[in-house]
Amino acid sequence: MGRFTVVGAGLIGLLVSGAPARAQAPDTVLVNGKILTVDAQFSTREALAIRDGKILAVGTSADLRKLAGPRSRVIDLQGRTVIPGLIDSHLHAIRAAETFATEVNWIGARTLADALGRISSAARAMKPGAWLIVAGGWNVQQFKENRRPTQAELVAAAPDNPVYVQLGYGWAMLTPLALKTLNIAGDADVPAGGRFERDPAGKPTGAISGGQGAIIALFDKLPKPTFDQQIDGTKKFFRELNRLGMTGVVDPGGNNLAPEDYQAVFKVWRDRQMTVRVAYTLCGQTPGAEFAELKNLIALVPQGFGDDMLRFNGLGERITAAMNNNPRPTDADKEQYYQIVKWAAERGLSLTMHWNNDASVGQLLAIFERVNMDIPIAPLRWSIAHLNDASPATLNRMKALGVGWTVQDAMYFGGDGYDQQAGAEAARRVPPVNTGTKIGVPIGGGTDAHRVASYNPFTSLQWFLDGKTVGGVAIRGAEETPDRAAALRFYTLGSSWFSFDEKKRGSLEAGKLADLAVLSQDYMTVPVDKIHDTESLLTMVGGRVVYAAGPFKSLEDAR
Ligand SMILES: [Zn+2]
């Protein structure tokens with residue numbers, strides 16, 4: 001007992017003690033697979049053994065079968081591809097989850113007719129008169145009809161329900177019943193910065209358009225799901241992510257997300273029903289009062305507090321309202337921001353900040369550099385989200401600071417607009433992930449779902465590889481197109497870096513958490529334009545089956 005022996009040349013890294021064999025047998029052994037380990041060499045293995053939530057070994061089917069004891073569950077993968085569980089490094093999951101059971105989802109609808117059909121079926125499925133809310137996650141180019149819904153179409157789809165359909169953060173269509181319920185009769189009732197859209201004849205279309213602030217305020221007028229609905233939505237949303245091979249998210253807080261909005265995920269965590277690992281951050285909410293709010297919120301929550309299912313990961317994505325999506329902050333705005341992030345650095349907090357373009361990101365980097373003169377920020381793993389047109393100079397500054405870059409597939413929806421605005425030459429290099437990799441900036445994959453993007457990781461992975469917008473226009477050039485292995489690495493090990501987890505998960509190696517997905521098709525060989533159709537047939541989090549379908553369905557039922 002207590003004597004350790006290395007067993008089998010094929011089981012590098014596996015240590016088995018002299019204890020009775022049964023006590024050491026794996027809980028589960030996956031055999032006959034094509035296991036993409038995403039280790040340093042991107043090795044492919046046949047088999048993987050799991051014990052106590054962790055990977056015991058990877059190797060050949062023959063070698064790992066020998067480890068199995070009478071109680072081990074042996075799963076024959078029949079040649080299927082296995083990947084480390086996908087991790088979105090910038091997904092507003094807590095917010096999306098809260099409303100997932102009560103919203104209508106247009107993600108992935110290929111036609112407007114299909115999207116409107118989802119409204120009709122929701123009207124039938126929900127209580128009479130319930131609000132039907134599409135909170136975003138779609139765009140016009142995804143529809144064959146290539147246009148937005150009209151008010152009349154929404155009324156026809158659900159005549160007896162108030163209907164609200166938001167597009168990005170600039171437009172929302174409401175049915176007459178929705179407007180009446182919210183007491184919005186004219187422009188004076190619309191939140192500041194917004195107004196009724198009018199057709200060429202001057203007649204209101206039913207939509208409200210305006211700046212982000214107006215649409216956020218408009219959304220805040222909608223009824224909130226009850227706490228039970230939020231819990232239900234949270235579980236359903238995490239299961240939906242599991243269906244798509246996801247096992248982790250880094251959640252950057254966001255708009256419309258107050259402290260009370262975290263209570264549903266906290267409850268699911270306390271009930272030990274989490275099926276996705278969440279690293280969450282906290283945002284300042286009230287313009288001008290952010291420092292006091294953050295000090296108060298974080299007084300009793302140290303960086304890293306929590307466990308492997310739910311962990312506090314610092315500040316972001318909004319630190320102050322004044323610096324939020326503002327390319328021209330004043331000196332006072334920057335000083336206020338500096339004070340907060342210096343305080344964060346002193347407390348050892350990580351931080352993520354979204355910034356949209358390279359032209360103005362120097363304002364943010366200059367603040368980070370100023371903090372870094374007193375307190376090295378590299379160990380804190382601060383990060384910047386979006387930044388689709390990052391220049392080599394910016395990426396070099398980030399590298400020097402140890403700041404990471406979370407990359408989203410914003411150009412999947414926004415690429416056509418970017419192409420028109422910045423030109424084809426500039427569009428060829430958005431986002432410049434190969435340059436970022438060469439420079440050595442930590443890169444995570446992700447989506448920014450669910451208001452402005454789909455959360456489907458396979459849509460994002462496909463977009464990494466073909467640079468095509470949802471309308472099918474290829475805008476990115478070969479020089480910034482990663483290969484399949486690199487894209488998968490961004491979405492797994494790359495993303496795990498942002499929550500300090502790259503030694504625990506993100507690849508399938510002995511000693512790491514058994515977070516993985518068995519795929520419906522081979523990610524490495526299926527035609528690129530089919531990658532978005534991939535689903536998981538079996539998703540495990542810490543060795544536990546959290547989703548199973550098709551040939552593996554019985555594994556879930558047995559639990
Ligand atoms: Zn975001």
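## Zinc site

Donors to a metal are here N, O and S atoms within 2.8 Å of it (3.2 Å for Na, K and Ca); water is not among the atoms, so sites may look incomplete. The structure is a predicted model, in which local features need pLDDT of at least 70 and side-chain atom pairs count only at pLDDT 80 or more, while totals for chains, interfaces and linings use all residues. Residues are numbered from 1 along each chain as its sequence is written, and side-chain values use heavy atoms, with hydrogens and water left out.

Four residues coordinate the zinc ion at 2.1 to 2.4 Å: His90 (NE2), His92 (NE2), Glu317 (OE) and Asp448 (OD). Their spacing in sequence is H-x1-H-x224-E-x130-D. Helices (H or I, at least four residues) and strands (E, at least two) are DSSP runs, numbered from the N terminus.

## Geometry and burial

The arrangement around the zinc ion is irregular because the four donor atoms subtend angles of 76 to 169°. Four donors count as tetrahedral if all angles lie between 85 and 135 degrees; four count as square planar and six as octahedral if opposite donors are over 155 degrees apart and all others between 65 and 115; anything else is irregular.

His90 has 0% relative accessibility and counts as buried; Glu317, at 5%, is also buried. Buried means under 20% relative accessible area, exposed over 50%, and partly exposed in between (1.4 Å probe, protein chains only).

## Salt bridges

A salt bridge is a side-chain nitrogen of Lys or Arg within 4 Å of a carboxyl oxygen of Asp or Glu. The whole structure holds 26 salt bridges. One of them joins Lys224 and Asp261, with the closest N and O atoms 2.7 Å apart. Lys224 is partly exposed at 48%, whereas Asp261 is buried at 3%.

## A salt-bridge network

Asp308, Arg311, Asp501, Lys504 and Arg505 are linked in a network of salt bridges. Within this group, Lys504 and Asp308 meet at 2.6 Å, N to O. They are 196 residues apart, with Lys504 in the loop between α18 (484-496) and β23 (516-519) and Asp308 in the loop between α10 (290-298) and β18. Lys504 is partly exposed at 34% relative accessibility, as is Asp308 at 28%.

Arg311 and Asp501 also form a salt bridge (3.8 Å, N to O). Arg311 belongs to strand β18, and Asp501 to the loop between α18 and β23. Arg311 is buried at 18%, and Asp501 is buried at 5%.
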